[in-house]
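Here is a short briefing for a first look at this structure. Please keep the sequence and the model open while reading.

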Amino acid sequence: MSAAAFVTVNQGIGKMKFNVKKVKGGVDTVFLIPAIIFVLIAELVPVIYTTYLGFMQWDIINPPKFVGISNYIKVFTQPELLNALKNTLYWVVGTLIFAVGFALFVAVLLSNVKGRVIFKSIFFIPSTLSPTVAAIVWRRTLSSQMGALPSLLALFGINMHPVLTNTHINTFVMIGVWTWQFFGINLILFLVGLETIPREPVEAAMIDGANERQAFLYIIVPLLRPIMLLVIANSLINTIRMFDIPWVMIQGGPGRASETLAISLYRESFLLFKMGLGSAIAVVISILTLIASYRYIMILGRKRG
Amino acid sequence: MDRAIKKGLTYLILVVLSIIWVFPLVSMLVIVIKSPEEFNQLHYWKLPLIKNIPRNLITNFLMAWRKSQIGKNFINSLVYAFSAGIGSAIIASLAGYSLVHLNVKKPHVWFLGIFIGNVFPFQMFLIPLYVFLNKLGLYDTRTGLIIVYVGICIPFALFVYRNYAYTLPKEIFDAAKVDGASKWKAYLRIFMPMSKPAFTVVFIFQFIWTWNDLLFGLILSERYRPVMTALSKLQGARGGVPVTVLITGALVASVPTIILLLSLQKSFIRGFTLTAEK
């Protein structure tokens, strides 16, 4: 065997070994392939494409045209979109106060009373409905034409003004509908958290002269942190992209008065065919969501094992 | 404050809240037991004759199911929700199994690469998916929507399966290897049967999410609309559908999620708290 041949064979073996190793790793990676394909198609490529479209002007028919950041400037200057930004902020803050804060308050109340199961069940019922159905139900309940509540109040001689077409209050009414729907889940999560809190530190603090409010603020709240973080993050993530309830109840109206960012996105892209502007709104929604849920995502995505 | 007063106040708050919570549901029941004519003629809170109620319920149901085509959309949603629930669970279980119990290089990077899909709001995917499905001829097809729903469901499903896979002892899989079982066999015979709790959580969450979806249905379908999208369109239709029929349709569309949540409430809450654990 000549030296050259030896080298070739040796290289061949080296290559083979390399290949065998690669195939071995490859076999295990096969299990990941379906997940990767689906996530690429449905999520990762769309994220890149939407980001790209955010810098374009595109009506779907003609080729996209690069317009720099003018779509983003529109998001923060066009009156309808600024209004949507403001409404989205109302949604975020409103649900934090009512669907989260008030749920915690009621959970604490419930943890000290008998008949807890009955109340818990009552509050949980709306969670079994979809936001679409909740919106349909409440629209009927509040409607000034044969709505349940105005009809009931009329029996007592009270004339109820229409609430959904009143632009000063309709967003808050709809935040109420959302609270009606998600209060139960948050409440149960808080109750789960409260049940796991040992009684000793609370009692010890009370013996040391802490009042109930202090015990709540300085002992219960810190111990509830993991659950709080979960509920708050969930609330933020869901309300920054709020669509279903304001859309089904009043299509973001009257006019565009109660539009949220998600509704603006839908209207600009799929009704007015401004795909670029729609994409820019999507990017803004994403950035807001990322900022709001940064900590939560870090915890979910952390290394294990 | 006096203890008794405090207790009384607590119950007062709870009872008032309960009334607010139940009121719209009761008022919907008052609607569905009336015929469309009775609803228009009687005062809202005046009930129809008891002997008419069964007939009204059936008439409303048939009008919603057939004439307003809620039945067709209901079946569509069943197809979508089962596909998304089972499909994402199978795909995520394969991935979760390989990330934790096989020798995938840099498993954490792969996990983050897939999980990142869960980080973005759905709005980020809407326009591209609309464009892709149109280009592929899959706009307004069940196949198109199934691909989208399964894809959207995978990141969370993987999160659940991966967390669950860590709780299964590695020794079992090592023992199976020693006994000569292949990786696929270990997956089918050991991982799958042992990860039933993960399946339950994934299935409930993704079935309900898909069932409740309005937005993707609104943008990606016309003839093959899921039921929530169809309902929202029915409500929007001016002067088209009688109120009693619309509300009956909404109640019928809620039956699957009500059944699922009431029978599996524990697993549902468990799925939520899973993400808050250390």
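How much area is buried between domain 1 of chain B and domain 2 of chain B, and what percentage of it do carbon and sulfur atoms give? The area is about 560 Å², and carbon and sulfur atoms give 90% of it. Buried area is the accessible area (1.4 Å probe) that two parts lose on being put together, summed over both.

This is a predicted model, in which local features need pLDDT of at least 70, side-chain atom pairs count only at pLDDT 80 or more, and totals for chains, interfaces and linings use all residues. Residues are numbered from 1 along each chain as its sequence is written, chains are lettered from A and ligands numbered from 1 in the order in which they are written, and side-chain values use heavy atoms, with hydrogens and water left out.

**Two domains in chain B**

- Domain 1 of chain B covers 3-56, and domain 2 covers 68-274. These bounds come from an automatic or database domain assignment.
- The C-alpha centres of the two domains lie 35 Å apart.
- Eight residues from domain 1 of chain B and six residues from domain 2 of chain B make the contact (heavy atoms within 4.5 Å).
- On the domain 1 side, B:Ile31, B:Val32 and B:Pro36 lose the most area to domain 2 of chain B, together 62% of what that side buries.
- Between these domains the count of salt bridges is zero (a side-chain nitrogen of Lys or Arg within 4 Å of a carboxyl oxygen of Asp or Glu).
- Helix 1 (3-32) and helix 2 (36-41) of chain B are the elements that give two or more residues to the domain 1 side. Helices (H or I, at least four residues) are DSSP runs, numbered from the N terminus.
- Helix 1 of chain B gives the largest share of that side, four residues.

**Chain B against chain A**

- The contact takes 96 residues from chain B and 97 residues from chain A.
- About 8700 Å² is buried between the two chains, and carbon and sulfur atoms give 77% of this area.
- B:Trp21, B:Met124 and B:Ile127 supply 9% of the area that chain B buries against chain A, more than any other three residues.
- One salt bridge is counted between the chains. B:Lys183 forms a salt bridge with A:Asp28, with the closest N and O atoms 2.8 Å apart.
- Helix 1 of chain B gives the largest share of the chain B side, 18 residues.

**Confidence in chain A**

- Chain A averages a pLDDT of 87, and 90% of the residues score at least 70. pLDDT is the predictor's confidence in each residue, from 0 to 100.
- Over residues 1-24 of chain A, pLDDT stays under 50. Where pLDDT is low, the predicted coordinates should not be read in detail.

**Backbone points**

- A cis peptide bond joins A:Gly253 and A:Pro254, with omega about 0 degrees.
- A:Pro254 lies in the loop between helix 12 (244-250) and helix 13 (261-271) of chain A.
- B:Gln69 has a positive phi, near 65 degrees.
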